[in-house]
There are 2 protein chains.
Amino acid sequence: MPPNVEIFSQGEELVRGQVVDSNAAWLSEQLVGIGLPVRRHSTVGDNLTDLIALLVEIAQRADCCICTGGLGPTVDDLTAEAVATAFDLPLEFDSQAYQQIAAWFQRRNRPMPESNRKQAMLPRGSIRLDNHWGTAPGFALQQGRCWFAFVPGVPYEMRQLFRESILPRLQSRYQCQPEKQVVIKTVGIGESDIQQRLADIDFPEGIQLGFRAGSDEIQTKLLFPAACPDAEIEIFTRKVVQQLGDVVFLVEGLTGETGTLVTVVGDLLRQRGKNLALFETLSHGLLASKCLGQDWLKASLVAPGQEFVRQNAGQAAERLASVSGGPGRAGYVLVQLCQDCGQDPADVKSAVTLENILFVDGEARYRQQIRVSGTLKRKQNQAAIRALDFIRRSLLQETD
Amino acid sequence: MPPNVEIFSQGEELVRGQVVDSNAAWLSEQLVGIGLPVRRHSTVGDNLTDLIALLVEIAQRADCCICTGGLGPTVDDLTAEAVATAFDLPLEFDSQAYQQIAAWFQRRNRPMPESNRKQAMLPRGSIRLDNHWGTAPGFALQQGRCWFAFVPGVPYEMRQLFRESILPRLQSRYQCQPEKQVVIKTVGIGESDIQQRLADIDFPEGIQLGFRAGSDEIQTKLLFPAACPDAEIEIFTRKVVQQLGDVVFLVEGLTGETGTLVTVVGDLLRQRGKNLALFETLSHGLLASKCLGQDWLKASLVAPGQEFVRQNAGQAAERLASVSGGPGRAGYVLVQLCQDCGQDPADVKSAVTLENILFVDGEARYRQQIRVSGTLKRKQNQAAIRALDFIRRSLLQETD
């Protein structure tokens, strides 16, 4: 039986819905990743009664609980007080914690407010988890059947503390046997169509199939038992990839390769020693925006009133090169036309037709028409992603 | 005493951290918005034991619980079965639910899989909540002290069902007294600096101060008791706005006005009858992307290798007009220069200096230098947002 692991989030902003609890999801992924499945998430606000009740419950129910939030210096931050009351462990002044907090302010040339002294008060018998990234130290303690670790709710501090202080303790505490995961990334196909294509495959016992649909890609996840041999994983993965076909742009977890559609396109461009320039209509700058930090993107002209683009598509490549100091004739230029958009794509609530044209060395060599639908923002994103995928598919056809 | 309201989310993908639970946050915001504070969120996976235990707990603890997820047609979808077992309410075939599901498939010209029949099985004594947006009907029932409403986890269906079937029932069930909320939106200032500026203001009893920091704006939220007169709200809000100064770009909740920095800039441009074109470097298309659907944005040239932009800043306005069919000389052109970026802003891990220049009718009239830091993505976003804010501040100085 694996240990019963839980996540406890504390924060009025969470329970009121002003902030989405991404900490809980991040922690769960880390825990599942090392072979510790999480059974429950719980969240309460800045309410001492609720905090105490939940701590007492968890101490009886779980073997391990990671708790975030409520360690700040203000009167709303009640976690340490709740722990002290729930488990009858009076708060004690930790002089090393105090010195660390004071040093944090000293490094920033700021006076330490009196309120921060509170952060050096830790429940009796707890272990301090040093926080080198902020003022609030974490702490850990065993209570009832449960080992609790308390860390700040600030995501950056929480992640650092988890990696440095919690992860090693969990790994020495439990015989962690992580599942092996392969992620197959696709674009231009929906989740239900993926399921349909995979319906004919016979999944051996123990292999779990999962999906994660994002705006830029859909991930098909294969989870293999820890003991599954690598050769078997590879054979089965190849079978799934073959069934999915050319919508697959990347497989992560077999060769160490990772990336996104942008990096895959970048690799294809670099292999061919070429640059890219863009003429965007409906994607409206989002395509260029996704290529941030990629040295092969030389320029993008965003011209939402695509009447101009349509009339000048033939000369777009050269014009773009001339105005941007861009790729010149020795590169690729993608021209995106938005056929049903008229002058104002924002007016169109139904599906619209996009035409993508890829110019290679000044010649319009590849063309594609696609339909995109949904809200204006979704259409914009689809326009950007499908254009990238069109470039990927076109480059794969280029044999030079 | 307000009723004790909880949110219950069901889903293996949630408890494993593959999906962030935005449903819980959305529901909480809705409930708090109508004056029903939420005390706890709980999440468990596709595990009958855990589901039953949690349902039994909540029935003893809460007055009202909104539950999402687990109503699908597959074997993993266990919510109805868990309810049946936990509360000894056998599942019964609901012929109207069945007809609705069958009609849903008929409208799409698809055969109804046998597995969907399961979705028409509802716990004895429950009220069906019709789902016009998908196949899974919701249901509601009273158990112990708690009124439970169960809806699908698909966000769109969940939201529609909440609005149509749950909200009216809650409003007739409880004397909802929503707090009045004013949101003050700022840009170019951090949360701690906002707190410092507000430190001198004496907050009357009952007025709550909250913050929500996003990547595009920081919201300062003032929560007033339901009984607080509008005139008092306005006087106090004005005091806070004055204290914050020109970083405030919008106040929501006083006049019915709502918007974003983009719409505020758009209003200023429309008042002056002018268009805008952009020359982006570090913002890399993200600035244009944020202006999606705004007819006043005529073109944006993204040229990450800003050496070209720097050399041609003087002529940028006219060049841009010539290539894009854009605003011509009768508009505004923003030119963004990235001074420390060299040829490749992706190389720079520390802070970089951006120079924004606003051309009015061909003349470089306003200039601003700012520093942005953080990850490359954060710098990109700051570059876009601060440029927009610079345009806003410049337009406010234009008296013509």
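Me: What makes helix 2 of chain B and helix 6 of chain B roughly parallel to each other?

Reply: In this predicted model, the axes of helix 2 (residues 22-33) of chain B and helix 6 (residues 155-173) of chain B cross at roughly 25° and come within 12 Å. Angles under 35 degrees count as roughly parallel, and the two helices are therefore described in that way. The crossing of helix 2 of chain B past helix 6 of chain B is right-handed.

Me: Which residues of helix 2 of chain B and helix 6 of chain B meet?

Reply: From helix 2 of chain B come Asn23(B), Trp26(B), Leu27(B), Gln30(B) and Leu31(B). Their partners in helix 6 of chain B include Pro155(B), Met158(B), Phe162(B) and Leu170(B), as well as Arg159(B) and Arg163(B).

Me: Why are helix 3 of chain B and helix 4 of chain B called oblique to each other?

Reply: The axes of helix 3 (residues 48-61) of chain B and helix 4 (residues 79-87) of chain B cross at roughly 55° and come within 9 Å. Roughly parallel applies to angles under 35 degrees and roughly perpendicular to 65 to 115; the pair is therefore classed as oblique. Helix 3 of chain B passes helix 4 of chain B in a right-handed crossing. Among the residues making this contact are Leu48(B), Leu51(B), Ile52(B) and Leu55(B) of helix 3 of chain B, together with Ala82(B), Val83(B), Ala86(B) and Phe87(B) of helix 4 of chain B.

Me: How do you know that helix 9 of chain A is roughly parallel to helix 12 of chain A?

Reply: Helix 9 (residues 261-271) of chain A packs on helix 12 (residues 376-397) of chain A at an angle of about 30°, and their axes are 10 Å apart. With under 35 degrees as the limit, that angle makes the two helices roughly parallel. Here the crossing is left-handed. Leu261(A), Val265(A) and Leu268(A) are among the residues of helix 9 of chain A that meet helix 12 of chain A, where the partners include Ile385(A), Leu388(A), Ile391(A) and Arg392(A).

Me: What relates chain B to chain A?

Reply: Chain B is superposed on chain A by a rotation of 180° with 0.0 Å of shift along its axis, at an RMSD of 0.0 Å. The two copies are thus related as by a two-fold rotation axis. Both copies use the same surface, since 100% of the contact residues of chain B recur in chain A.

Me: What domains does the assignment give for chain A, and how confident is the prediction of that chain?

Reply: The assignment gives domain 1 (5-173), domain 2 (180-257) and domain 3 (262-399). The C-alpha centres of domain 1 of chain A and domain 2 of chain A are 36 Å apart. Chain A has an average pLDDT of 88, and 90% of the residues score at least 70. For the complex, the predictor gives an ipTM of 0.79 and a pTM of 0.80.

Key
Residues are numbered from 1 along each chain as its sequence is written. Chains are lettered from A and ligands numbered from 1 in the order in which they are written. This is a predicted model: local features need pLDDT of at least 70, side-chain atom pairs count only at pLDDT 80 or more; totals for chains, interfaces and linings use all residues. Side-chain values use heavy atoms; hydrogens and water are left out. pLDDT is the predictor's confidence in each residue, from 0 to 100. Domain bounds come from an automatic or database domain assignment. Copies are superposed by least squares on the C-alpha atoms of residues with pLDDT of at least 70 in both. Contact means heavy atoms within 4.5 Å. Axes are lines fitted to C-alpha atoms, for helices over the stretch in contact, and angles run from 0 to 180 degrees between N-to-C directions. Helices (H or I, at least four residues) and strands (E, at least two) are DSSP runs, numbered from the N terminus. Angles under 35 degrees count as roughly parallel, over 145 as roughly antiparallel, 65 to 115 as roughly perpendicular and the rest as oblique. A crossing is left-handed if the near helix is turned anticlockwise from the far one by less than a right angle, and right-handed if clockwise.
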